[in-house]
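I am opening the notebook on this chain, and I want to record what I looked up in its fold, its packing and its rings.

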Amino acid sequence: MEQKEIPKLGSYSILQELYEDAWGIVYKAVRTRDKTAVLLRVISPELSKAENFLVRFDLLKSILSTISHDNLVKVDALDCDSNIYYIAKILPAPSFQELRTLSSFDTRETPNRHGTLELLFKGVADGLSALEQVNKSYFQNGIIHDSLS
């Protein structure tokens, strides 16, 4: 994918590229009005041109605006600026330095490793259950899938 420098997108200032995945590029950014830290996922141009993308994007936008749960990252915005689609998520940690992902979480030397893992899995299951309760038909029809992040 061709990498573009995007200093600002919508109401967000881009600070740093974090990684690229199947959805596009994820940036460290801040909401300009109050400096709230966000993870900003810029949807790849290929994906945004896919058949039914706009319908699915608008549906996802309406669904995610209704979801609030302690175990789910809060979506700040799903929007488009200059034909660039993006998803902004409030940073789920006090700072970028304190952000931990499952890939960086090592339980091998954690006291009570099995209890810690059980707590993590229960939290994930609880968050997924909250998503499912929004509307079971979205799950049954494959509209919500395993990679909302």
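**Entry 1: the whole chain**

I note at the outset that I am working with a predicted model. I looked up the secondary structure and found four helices and six strands in the protein chain, which follow the pattern β-β-β-β-α-α-β-β-α-α when read along the sequence. I then asked what share of the 149 residues counts as buried, and the value is 33%.

**Entry 2**

I looked up the strand order next, and I found an open sheet of six strands, S1-S2-S3-S4-S6-S5, with antiparallel pairing. Strand S1 (8-9) and strand S5 (75-81) stand at the edges with a single partner strand each, so one side of each has no neighbour in the sheet. Helix H2 (residues 53-64) packs on this sheet, where it touches S4, S5 and strand S6 (84-90), and the direction of H2 makes about 155° with that of S5.

**Entry 2: strand S4 and its partners**

I turned to S4 and followed its pairing on either side. Strand S3 (residues 24-31) and strand S4 (residues 37-43) run antiparallel and are joined by seven bridges; Ile-25 stands opposite Val-42 in S4, and Tyr-27 has Leu-40 as its bridge partner there. S3 and S4 form a hairpin with five residues between them, and in the turn Lys-35 has a positive phi of about 65°. Five bridges join S4 to S6, again with the two strands running antiparallel, and the bridge partner of Arg-41 in S6 is Ile-87.

Is S4 buried or exposed? I found that seven of its seven residues are buried, so S4 is largely enclosed by the rest of the structure. Ala-37, Leu-39, Arg-41 and Ile-43 point one way from the strand, whereas Val-38, Leu-40 and Val-42 point the other way, and all are buried. I made a separate note that Arg-41 belongs to this buried set.

**Entry 3: aromatic pairs**

I looked for ring pairs and counted four aromatic pairs. Tyr-12 and Tyr-86 form one that is edge-to-face, with 6.0 Å centre to centre and 75° between the planes. Tyr-12 lies in strand S2 (residues 12-20) and Tyr-86 in strand S6, so this pair ties together parts that are 74 residues apart in sequence. Both Tyr-12 and Tyr-86 are buried; for Tyr-86 the relative accessibility is 3%, which is under the 20% cut-off for a buried residue. I also noted that Tyr-86 and Gly-24 are 62 residues apart in sequence and 9.2 Å apart in space, C-alpha to C-alpha.

Phe-53 and Tyr-85 form another edge-to-face pair, with 5.1 Å centre to centre and 80° between the planes. This pair links distant parts of the chain, with Phe-53 in helix H2 and Tyr-85 in strand S6, 32 residues apart. Phe-53 counts as buried at 9% relative accessibility, and Tyr-85 counts as buried at 15%. I found that ring pairs link Phe-53, Phe-57 and Tyr-85 into a cluster.

How values were computed. Residues are numbered from 1 along each chain as its sequence is written. This is a predicted model: local features need pLDDT of at least 70, side-chain atom pairs count only at pLDDT 80 or more; totals for chains, interfaces and linings use all residues. Side-chain values use heavy atoms; hydrogens and water are left out. Two strands pair if DSSP finds at least two bridges between them. Contact means heavy atoms within 4.5 Å. Axes are lines fitted to C-alpha atoms, for helices over the stretch in contact, and angles run from 0 to 180 degrees between N-to-C directions. Rings of Phe, Tyr and Trp (its six-membered ring) pair if their centres lie within 6.5 Å; planes under 30 degrees apart count as stacked, over 60 as edge-to-face and the rest as tilted. Buried means under 20% relative accessible area, exposed over 50%, partly exposed in between (1.4 Å probe, protein chains only).
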